[in-house]
Amino acid sequence: MKNNTSAIVFAIAIIIAAFVLGNAVINRNRPQGTVNVTGLGEQNFTSDLIVWEGNFTRESRDLQSAYSSLEKDRNAVTQYLKSKGIPEDQLVFNAVSTNPLYEQNYSNDGRYLGQTFTGYQLSQTLVIESKEVEKVEKISREVTELLNQGITFYSQSPRYYYTQLESLKLEMVAKATEDGRIRAERIAENSKAKLGDLITANMGVFQITGQNSGEDYSWGGAFNTSSKNKTASITMKLVFEVD
């Protein structure tokens, strides 16, 4: 009885082994093909965060006098922006920068005679970061009104950002992957083949450019901050099996 049982087990083992080996031979001999595609995902969006910087300066031969004048300018700038609807806690004033000023002296025949100290130039930078994009954008254009108060204020161009960038990137990856799959299906159909499983997927460069700006793409990834309305794009390099 024991011998019969052993024989049965041995026979079953042979059958299983034969099936596995046979299937392996079939899989090994079956022609395998792949198709490589690049999918593109694009999305237009509007920035929801603005960062605006400006600076104001004062010059005086006396350092204490220059600081006093700059402090008055700072108070005037603060009151002006508050009157425009900017909360005071959004006004970030950086440390005062102090630079000595010199006049270069030359003789009538062009020889350099050294320099003469003429005073100090003090400057301070203001930074505003706000989600009220349109409001701050408008103020950045109107801030020259401070000139009427005798304040030399230099306004820089606003920078625009998007706070939901990570969510947007995930949407772009999904769009690019779907676009790549559709491309692969069409290639397979035209080749009288059937699209199989996805083998590999690699994310390409993520780009943010200004809408309708004609801005060039960069190998390292463009990241536009000068345009309020932007276009995000991403590529996905996909490899599919084909039968």
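Here are some numbered notes on the predicted model above, written for a colleague.

1. **Ground rules.** This is a predicted model, in which local features need pLDDT of at least 70 and side-chain atom pairs count only at pLDDT 80 or more, while totals for chains, interfaces and linings use all residues. Residues are numbered from 1 along each chain as its sequence is written, and side-chain values use heavy atoms, with hydrogens and water left out.

2. **Overall layout.** The protein has four helices and nine strands, where helices (H or I, at least four residues) and strands (E, at least two) are DSSP runs numbered from the N terminus. Along the sequence they follow the pattern α-β-β-α-β-β-β-α-β-β-α-β-β. Of the 243 residues, 30% are buried; buried means under 20% relative accessible area, exposed over 50%, and partly exposed in between, with a 1.4 Å probe and protein chains only. The accessible surface comes to about 15500 Å², and 51% of that belongs to carbon and sulfur atoms; the areas come from the Shrake-Rupley method with a 1.4 Å probe, and for residues only the protein chains shown count as cover. Among contacts (heavy atoms within 4.5 Å) with a separation of 6 or more, residues 24 or more positions apart account for 76%.

3. **Strand β2.** I would start the tour here. In β2 (residues 49–60), 10 of the 12 residues are buried, so the strand is largely enclosed by the rest of the structure. Two strands count as paired if DSSP finds at least two bridges between them. With β5 (residues 112–130), β2 pairs in the antiparallel sense over 11 bridges, and T57 has S123 as its bridge partner there. Three bridges join β2 to β6 (residues 153–155), also antiparallel, with N55 partnered by Y154.

4. **Aromatic rings.** Rings of Phe, Tyr and Trp (its six-membered ring) pair if their centres lie within 6.5 Å; planes under 30 degrees apart count as stacked, over 60 as edge-to-face and the rest as tilted. The count by this rule is seven aromatic pairs. In one of them, the ring centres of W52 and F153 are 6.1 Å apart with the planes at 45°, so the pair is tilted. This pair links distant parts of the chain, since W52 sits in β2 and F153 in β6, 101 residues apart. Both W52 and F153 are buried, and together with F56 and F93 they form one aromatic cluster.

5. **Nonpolar cores.** A nonpolar core here is a set of buried Ala, Val, Leu, Ile, Met, Phe, Trp, Tyr and Cys residues joined through side-chain atoms within 4.5 Å. The largest has 23 residues, of which W52, V77, L81, L126, I128 and F153 touch the most other members. At least two residues come from each of β2, α2, β3, β5 and α3, with α2 giving the largest share, six residues. Apart from this core lies another, of 18 residues, including L165, L168, A188 and V242.

6. **V77 and L91.** Not counting residues up to four places away in sequence, V77 touches F56, F93, L126, L146, I151 and F153. L91 belongs to β3 (residues 91–93) and is buried, with a relative accessible area of 9%. Leaving aside neighbours within four places in sequence, L91 is in contact with T78, L81, I86, L126, V127 and I128. The C-alpha atoms of L91 and V77 are separated by 9.8 Å, and the two residues lie 14 apart along the chain.

7. **Helix α3.** Which residues of α3 (residues 133–142) are buried? They are V133, V136, E137, I139 and S140. Seen down the helix axis they fall within an arc of 160°, so they line one face of α3; the arc is that of the directions from the helix axis to the C-beta atoms. These buried residues pack against β2, α2 (63–83), β5, β6 and β7. On the other side of α3, E134 and R141 are exposed.

8. **A backbone point to look at.** K192 has a positive phi of about 60° although it is not a glycine. K192 lies in the loop between α4 (165–190) and β8 (195–210), and counts as exposed at 78% relative accessibility.
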